[in-house]
Amino acid sequence: MKQTVIALLMCCALWAGATSADTSQGATIAQQGNGHGAAPCMACHGADGGGQAAAGFPRLAGLPEAYLRKQLDDFANSSRTSATMQPVAMALSDAERDVLAAYYSKLPVPAPAASPPLKDDVAQLGQVLATRGRWSNTLPACEQCHGPGGIGVGDHFPPLTGQSSTYIGNELHAWQQGSRHNDPQQLMQSVAGKLSEADIAAISAWYAAQPAGVPKESQP
Amino acid sequence: MKSKTSALIIATLVLAACEHSTPQTAAPVAKAPAPASSAPKSASHFTPPPESAIPNDDFGKQVALGRQIFMDPGKYAKAYVGNQLSCESCHLDAGRLAHSAPLWGAYPMYPAYRSKTHDVNTFAERLQGCFNYSMNGKAPPLGDPVLVALETYAYWMSKGEPIGTSQPGRSYPKLSKPALTPDYARGETVFKRDCALCHGDNGQGQQAAGHTVFPPLWGPQSFNWGAGMELVTNAAGFIKANMPLGRGNTLTDQDAWDVAYFMNAHERPQDPRYKDSIPATRAAFHDTPDSLYGTTVNGHLLGQGGASP
């Protein structure tokens with residue numbers, strides 16, 4: 001019995017040691033860069049990983065680890081293009097991508113920046129697209145894949161809450177134009193292809209205005 | 001004694017009502033082979049009224065309640081639901097989508113004589129079966145507020161349609177027979193490539209914040225062995241037209257058949273009509289090549305119901 005407890009304690013200590021090493025390595029690169037080409041992440045993604053709304057730098061904090069890891073690979077292999085992010089990703093080793101994805105996925109979700117109140121028609125269109133889609137044009141609702149309130153689902157479906165309207169709009173346009181084509185089964189290319197400019201403006205503003213946590217009861 | 005027996009017979013018939021085969025087509029595969037390309041043509045079909053047209057009065061309240069039940073029966077009809085599915089899991093867009101067995105396709109076609117039950121079933125009886133089988137729950141009694149609200153919703157959605165005329169877009173498409181006999185291993189390949197991202201590597205779906213986002217395809221939280229989706233024809237038609245979500249009609253017919261076979265070659269909750277033994281239950285309710293109940297696939301006798309994934 002005593003031995004088990006000791007073994008357990010040792011094991012936990014080792015485990016804790018391992019994670020904090022990973023996390024601190026991730027934190028170091030985030031704050032200082034890796035010294036061979038990757039600029040400090042926080043310069044653009046914020047000290048808390050919350051991103052910068054006005055510049056369209058995305059929130060990284062609390063995103064699924066597997067999703068973050070995949071995006072770094074996708075920038076590096078150009079299935080997702082960005083003049084800003086590609087050189088950064090290319091300068092990261094496999095191991096560095098691992099620790100950074102782990103680090104950011106464990107950061108607490110920061111409170112989203114306050115966004116201006118939505119006009120009625122924008123709010124209405126945004127809510128319909130988010131919760132009901134437009135099936136007459138075989139467009140599913142965003143939350144059928146991104147989860148209730150857009151909080152994200154599992155490893156492959158990132159949250160949309162806590163991202164700025166600039167960033168959401170940029171990504172939807174990138175899929176329409178083909179500069180981002182890293183989505184599994186072309187799911188987002190197909191979604192974006194069915195959105196008009198007015199749709200993109202409304203849905204981007206709508207998600208940017210939602211709280212980052214679990215949604216309150218949706219009223220159909 | 002006599003009245004007891006007939007009550008029993010009626011109960012059995014009602015229970016059997018949602019075997020989920022469309023009343024008029026007795027033997028869907030064999031009889032009328034669909035054209036080679038089974039992708040639904042752009043042929044126009046009935047357009048139900050927009051949701052914004054639900055009236056703001058006491059009638060409209062029942063319509064809205066029916067819609068809520070349809071989209072989230074686990075919440076609004078909790079007592080009658082025994083799994084993580086919703087009606088909308090299989091009838092997309094809140095029961096409005098053509099080729100997804102829409103409510104506007106069904107409502108004007110009841111009461112219907114069903115050769116399978118040798119009886120005429122009302123729309124409400126049809127709905128009862130869906131709770132027994134697809135929802136693996138129990139049927140709300142006739143007249144129950146749940147059935148009233150669902151029927152009101154379907155009625156409202158069907159406004160302006162002719163009664164008793166099968167509309168284009170009703171039901172799921174009937175695919176023509178596959179070139180190759182549906183196959184488990186090929187189906188598994190399709191599943192891993194096109195389905196697992198959402199429905200999970202083991203088909204158990206995914207939840208977020210306590211909501212089912214991607215429903216389970218088999219196992220204890222899915223539809224039971226009495227449900228219409230258990231028939232490979234229904235599953236293949238549904239999958240071809242509606243899956244992967246938002247990208248319907250991108251799979252080949254062969255892929256749809258293979259993955260439907262693979263899905264239905266997994267264990268799920270027992271058929272509530274189970275009687276005596278698996279062979280006897282197969283003989284009574286699953287006596288068709290379209291059902292894998294009671295057959296052995298990959299060394300596993302299907303229909304044991306234990307439903308571990």
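User: What is the area buried between chain A and chain B, and how much of it do carbon and sulfur atoms give?

Analyst: About 2100 Å², with 62% from carbon and sulfur atoms. Buried area is the accessible area (1.4 Å probe) that two parts lose on being put together, summed over both. Heads-up: this is a predicted model, where local features need pLDDT of at least 70, side-chain atom pairs count only at pLDDT 80 or more, and totals for chains, interfaces and linings use all residues. Residues are numbered from 1 along each chain as its sequence is written, chains are lettered from A and ligands numbered from 1 in the order written, and side-chain values use heavy atoms, leaving out hydrogens and water.

User: Why is Glu88(B) with Arg132(A) called a salt bridge?

Analyst: The rule wants a side-chain nitrogen of Lys or Arg within 4 Å of a carboxyl oxygen of Asp or Glu. Here the closest N and O atoms are 3.9 Å apart, so the pair passes.

User: Which helix gives the most to the side of chain A that touches chain B?

Analyst: H7(A), with three residues. Helices here are DSSP runs (H or I, at least four residues; strands are E, at least two), numbered from the N terminus.

User: What makes a residue of chain A count as buried, and what share does?

Analyst: Buried means under 20% relative accessible area (exposed is over 50%, partly exposed in between; 1.4 Å probe, protein chains only). Of chain A's 220 residues, 45% count as buried.

User: How many helices and strands does chain A have?

Analyst: Ten helices and zero strands.
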